[in-house]
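Here are my notes for your read-through of this model. Keep the structure open beside you and check each point as you go.

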Amino acid sequence: MTGRRSLLSRRALIGGIGAGTGLLLSGCDRLNESDSWRRTLRLAEQGNEAAQRALTARMALAREFDPHHISRKFPENGTRRPQEAGYQAMVQNGFADWSLKVDGLVEKRLALPLGQLRQMPSRNQITRHDCVEGWSAIGKWTGVPLSHILDLAGLMPKARYLVFHCADRLGGVPYYESIDLIDARHPQTILAWALNDQMLPVGHGAPLRLRVERQLGYKHAKYVMRIEAVERLTGIYGGRGGYWEDVADYEWYAGI
């Protein structure tokens, strides 16, 4: 994954209120070290999110493609294979002992084995993955709608965000991501267990990967182990809602 310069260049191509800010940042590294400038950037990000929410229907769908559009090669980006011993052991036994944990501000905590998830109502969608590194690929994803899991758990009234805790660590720091409940209940937001009609490969996030098709690729957390419903993101790791948001000032809302 590249740093914030590539992200902001990508965002400039996509458009939005923060685009002009991104162009400035890509040309001046000194600004990146300024706390006041980062605060300004975050305000622009909030404006970008608000503008997209206002101009786009809340449940508008990302484009879906026909099977002949599926890319011959779908790159593996980010972590290709977590090195943690616990994850390696799960790979060896085909994730037979793995279960998805759902907790936090929920009425009922869940522990869902992979076999049970595969038996739940599923959705197939052929969509384009847009990466901040500058590439795109089209793949067919199969998985359970995240809204179905939320209905099983029952969210408490204070819940505002979902945090996805993952198996991989970068530089010793746990990887995580988060989305709000608007994106969580979008019909194309799924927990994918298959890619192109094959069980999800390790390089693409086995056993479970978030697909939030209205956002850029770094929001599609791989190796999901646990989903935590929370009221706020402050106090969780770096407090900005995701690994790359914490360490490289990536935008938390990466809508496209």
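**Notes on the model**

1. Start with Ala-153, which counts as buried at 2% relative accessibility. Here buried means under 20% relative accessible area, exposed means over 50%, and partly exposed is in between (1.4 Å probe, protein chains only). Ala-153 sits in helix H7. Helices (H or I, at least four residues) and strands (E, at least two) are DSSP runs, numbered from the N terminus. Leaving aside neighbours within four places in sequence, Ala-153 is in contact with Val-102, Val-106, Glu-107, Lys-108 and Leu-110; contact means heavy atoms within 4.5 Å. From Ala-153 to Leu-105 is 48 residues in sequence, and 9.3 Å in space, C-alpha to C-alpha.

2. Before going on, a word on what you're looking at. This is a predicted model, where local features need pLDDT of at least 70 and side-chain atom pairs count only at pLDDT 80 or more, while totals for chains, interfaces and linings use all residues. Residues are numbered from 1 along each chain as its sequence is written, and side-chain values use heavy atoms, with hydrogens and water left out.

3. How confident is the predictor? The mean pLDDT (the predictor's confidence in each residue, from 0 to 100) is 84 for the protein, and 77% of its residues reach 70 or more. Over residues 1-34, though, the pLDDT is below 50, and in the model this stretch has 66 contacts beyond near neighbours in sequence.

4. Now the overall picture. The protein has nine helices and ten strands, and of its 256 residues 52% count as buried. Take the contacts between residues at least 6 apart in sequence: 69% of them join residues at least 24 apart. The accessible surface comes to about 11,700 Å², with 51% of it belonging to carbon and sulfur atoms; these areas come from the Shrake-Rupley method with a 1.4 Å probe, and for residues only the protein chains shown count as cover.

5. Back to H7, residues 146-153. Which of its residues are buried? They are Leu-146, Ile-149, Leu-150 and Ala-153. Looking down the axis of H7, you'll find its buried residues within an arc of 100°, so they line one face of the helix. That arc is the one made by the directions from the helix axis to the C-beta atoms. After H7 comes Gly-154, with a positive phi near 75°.

6. Next, the nonpolar cores. A core is a set of buried Ala, Val, Leu, Ile, Met, Phe, Trp, Tyr and Cys residues joined through side-chain atoms within 4.5 Å. The largest one has 57 residues, and Leu-100, Leu-146, Ile-149, Phe-164 and Leu-191 touch the most other members. Strand E7 (residues 189-195) gives the most to this core, with six residues. Not counting residues up to four places away in sequence, Ile-149 touches Val-102, Leu-110, Leu-112, Leu-117, Met-120, Val-144 and Leu-191. Apart from this core lies another, of seven residues, among them Tyr-176, Ile-236, Trp-252 and Tyr-253.

7. Rings of Phe, Tyr and Trp (its six-membered ring) pair if their centres lie within 6.5 Å; planes under 30 degrees apart count as stacked, over 60 as edge-to-face and the rest as tilted. That rule gives ten aromatic pairs. Tyr-161 and Trp-252 make an edge-to-face pair, 5.8 Å centre to centre with 80° between the planes. Tyr-161 lies in strand E5 (residues 161-170) and Trp-252 in the segment after H9, so the pair ties together parts that are 91 residues apart in sequence. Tyr-161 is partly exposed at 25%, whereas Trp-252 is buried at 11% relative accessibility. Tyr-243 and Trp-244 also pair edge-to-face, at 5.0 Å centre to centre and 85° between the planes, and both are buried.

8. Most residues other than glycine have a negative phi, and most peptide bonds are trans. Tyr-223, in the loop between E9 and strand E10 (224-230), has a positive phi of about 55° and is buried, with a relative accessible area of 0%. Tyr-237, in the loop between E10 and helix H9 (243-248), has a positive phi near 50° and is partly exposed at 44%. The peptide bond from Ala-206 to Pro-207 is cis, with omega near 10°, and Pro-207 is in the loop between strands E8 (198-199) and E9 (209-212).
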